[in-house]
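Please look through the sequence and the model shown here before reading on. The report that follows takes up a strand, a pocket and some ring pairs in turn.

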Amino acid sequence: MNELLRFRPLYQDRVWGGRALETSLGRSLPPDRPIGESWDLVDRPEAQSVVREGPFEGQTLRSLLLAKAEEIMGPDYSAEKPFPILVKWLDCRERLSLQVHPPAEIAPALGGEPKTENWYIAAAAPGSGLMVGLKRGVTRADFCKLLVEMNLEDCVHRFPVSAGDSILVRSGTLHAIDAGNLILEIQQNSDTTYRVYDWGRMGLDGKPRQMHVAESIASINWGDFEPAPVRAAPVEAVIADAPEFCIRRVPMAVGGKLVLEAGEQPRLLNGVEGTVEIRTATGMVTVGRGETVLLPFSGRFEVSARSPSVVLLTEDFV
C-alpha cells in the first residue's frame, strides 16, 4: 500500500467544548452544539474512522486492517488487533474535570483500560495552563481531606503553557486542562476516564456529572510530583518517549524535505503548523494544520514544506 490514509473526523459534544475547531482549524462543525473533541483516528467498537478519499474511500479503519494489516502495520501485526493509537483534537472552552486514567496493572480489576496520552498545545489563551501531577509532598491523606473540603486545586501541580508546548501524561497521573487551550491529543486506544472532581459543574443534561472517586483514588500515582512540560523550540526533538508510542516534533523550513522509507514502520503525521506536501507513489497530497494522516508500513513518502511548518510524527506504536 503506497497511499497515505486520511479519515473523516468524528465530533463529540462536551459540556466544556466550543467552536474553536471551526474558527482555528477551519473545520465545518455540526451547528449550535458545544464540540469538545474531534476523533480524527480511532478503531473502537463504538467509533470507527472512515477513509475520506482515494481508492479506499468509505472503508473503515477496522475493515482495512482486516484486509491489509501486513501492508499497513507490518508483517508481524495481527489483523484482529485494534489500531493502537487514538488521535483527538480538544477544544477546551472551559476547564475539564480533574481526572485520571487507570494504570495497566489495575485497569482490568476496575473494568477499564490504561490510557497514556500526550498533549500538544496548538493554541493557548493568555493565562491558560495545565494541571498535571501532584504538588510536591502531597499525600493520599492530604488529597482525601481536600476532596471532602472541595479544595483540590491546592494539591494539583499547575503551570502556564503556550503554543508549541507539550507534555506526556501517563496512566495514573492526575490531570485537568484549563480553559482556553486547543490541544492535539495522541493517546493509547482507550476511552476510560475516572473523574474525581468537576468544579461543581452540571452536565449538558443539567444534572451533576458522574464522578468516579473510588476508582480515581485507586488509580492515582501518589509519587507523581510536578512533571515538567516540553517547551516549544525551533529544533527537531523527541517530545514524548513512552512504551506505548514515541512522538517527534519536526520543524521544516520552506522547501525542507523529510523522506520516510518503505518497510521501516507505520507512522502518523500531524500537521500542527504551516502546510506540507507528501509525495506518494501516485501523486502529491497537501496536508495542513490540524490534519492527521496514516503513513502505512509498505509505502515510501517524501514530505516537503510549502510554508514554515511543524509536523509531529508518532512512531514505535507497533
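## Strands, pocket and rings

In β11, Ala176 is the bridge partner of Met131. The model is a predicted one, in which local features need pLDDT of at least 70 and side-chain atom pairs count only at pLDDT 80 or more, while totals for chains, interfaces and linings use all residues. Residues are numbered from 1 along each chain as its sequence is written, and side-chain values use heavy atoms, with hydrogens and water left out.

Strands here are DSSP runs of E with at least two residues, helices are runs of H or I with at least four, and both are numbered from the N terminus. Two strands pair if DSSP finds at least two bridges between them. β8 and β11 pair in the antiparallel sense over three bridges, and β8 is also joined by four bridges to strand β9 (residues 156–160), again in an antiparallel arrangement. Within β9, Pro160 stands opposite Gly129. Buried means under 20% relative accessible area, exposed over 50%, and partly exposed in between, with a 1.4 Å probe and protein chains only. Six of the six residues of β8 (residues 129–134) are buried, so this strand is largely enclosed by the rest of the structure.

β11 also gives the most to the lining of the largest pocket, with three residues. A pocket is an open set of points on a 1 Å grid over the protein atoms alone, where a 1.4 Å probe fits and protein lies on both sides within 12 Å along at least five of seven lines; lining residues have an atom within 4 Å of a point. The largest pocket has a volume of about 340 Å³, a volume being the space filled by probe spheres set on the points. Its lining has 21 residues, of which Arg14, Trp16, Glu37, Gln99 and Thr193 lie nearest the centre.

Rings of Phe, Tyr and Trp (its six-membered ring) pair if their centres lie within 6.5 Å, and planes under 30 degrees apart count as stacked, over 60 as edge-to-face and the rest as tilted.

| Pair | Centres apart | Planes | Class |
|---|---|---|---|
| Phe83 and Phe317 | 5.5 Å | 55° | tilted |
| Tyr197 and Trp199 | 5.0 Å | 75° | edge-to-face |

Phe83 lies in the loop between α2 (61–73) and β5, and Phe317 in the segment after β22 (309–315), so their pair ties together parts that are 234 residues apart in sequence. Phe83 is buried at 0% relative accessible area, and Phe317 counts as buried at 5%. Tyr197 is buried at 12%, whereas Trp199 counts as partly exposed at 23%.
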